[in-house]
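Subject: Structure for your review

Dear colleague,

Please find below the structure that I am handing over to you, followed by an account of what was found in it. I would be grateful if you kept the structure open while reading.

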Amino acid sequence: MSGMKRKRNVLNVTQKSEILQKLDNGESTSTNTEDVLNEGNTISHSAALQFVETSLDYMGQRGFNYGDITAVRKICVDIRQEMNKQQKQRRITDFLKQ
């Protein structure tokens with residue numbers, strides 16, 4: 001598995017700005033996430049985390065309410081947990097291969 005390269009698609013600038021504009025217009029983060037996922041894009045956990053953290057900065061600057069910001073922070077936690085889970089699985093797999 002370590003020799004295989006995975007294709008990683010990330011959001012382009014237009015997609016990112018479109019989502020931020022939707023957030024600015026008051027649409028929910030979950031709706032925007034579903035839209036991106038439904039387009040068939042697959043993004044890495046680190047790219048997703050970077051986007052969500054950028055969204056948090058944006059939301060803070062725009063004065064979003066505490067509940068919305070808390071929901072987005074939970075998404076960050078979920079992404080980090082999934083990253084840690086996959087990293088742990090890779091370490092176990094690599095250990096067992098030795």
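Leaving out residues up to four places away in sequence, Met 83 touches His 45, Ser 46 and Leu 49. Please note that this is a predicted model. Met 83 lies in helix α4, and with a relative accessibility of 27% it counts as partly exposed.

Helix α3 covers residues 45–62 and helix α4 covers residues 66–97. In general, the packing of two helices is described by the angle between their axes and the distance between those axes. For α3 and α4 the angle is about 165° and the axes are 10 Å apart. Angles over 145 degrees count as roughly antiparallel, and therefore α3 is roughly antiparallel to α4. The crossing of these two helices is left-handed.

Which residues of α3 and α4 meet? On the α3 side they are His 45, Ser 46, Ala 48, Leu 49, Val 52, Glu 53, Leu 56, Met 59 and Gly 60. On the α4 side they are Asp 68, Ile 69, Val 72, Arg 73, Ile 75, Cys 76, Ile 79, Arg 80, Glu 82, Met 83 and Gln 86.

The crossing of α1 and α3 is right-handed. Here α1 contributes Lys 16, Ile 19, Leu 20, Leu 23 and Asp 24, and α3 contributes Phe 51, Ser 55, Tyr 58 and Arg 62. Five of the residues in the contact of α1 with α3 are nonpolar, one is polar and three are charged.

Ser 55, which is located in helix α3, deserves a separate word. Is Ser 55 buried or exposed? Its relative accessible area is 4%; because buried means under 20%, Ser 55 counts as buried. Neighbours within four places in sequence aside, Ser 55 is in contact with Leu 20 and Leu 23.

In soluble globular proteins, nonpolar side chains tend to be buried together. In this model, the largest nonpolar core has 15 residues, and Val 52 and Phe 64 touch the most other members. The elements that supply two or more residues to this core are α1 (13–24), α3 and α4. Its largest share, seven residues, is drawn from α3. Phe 64 is in contact with Leu 23, Asp 24, Tyr 58, Met 59 and Ile 69, apart from its neighbours within four places in sequence.

Finally, some remarks on the whole chain. The secondary structure consists of four helices and zero strands, so that from the N terminus the order reads α-α-α-α. The protein chain has 98 residues, of which 23% count as buried. Among the contacts with a separation of 6 or more, 68% join residues 24 or more positions apart.

Yours sincerely

Conventions:
Residues numbered from 1 in each chain as written. Predicted model: local features only at pLDDT ≥ 70, side-chain atom pairs only at ≥ 80, totals over all residues. Heavy atoms only, no water. Axes fitted to C-alpha atoms, helices over the stretch in contact; angles between N-to-C directions. Parallel < 35°, antiparallel > 145°, perpendicular 65-115°, else oblique. Left-handed = near helix turned anticlockwise from the far one by under 90°. Contact = heavy atoms within 4.5 Å. Core = buried A, V, L, I, M, F, W, Y, C linked by side-chain atoms within 4.5 Å. Buried < 20%, exposed > 50% of the residue type's maximum accessible area, 1.4 Å probe, protein only. Nonpolar A, V, L, I, M, F, W, Y, C, P; charged D, E, K, R; others polar.
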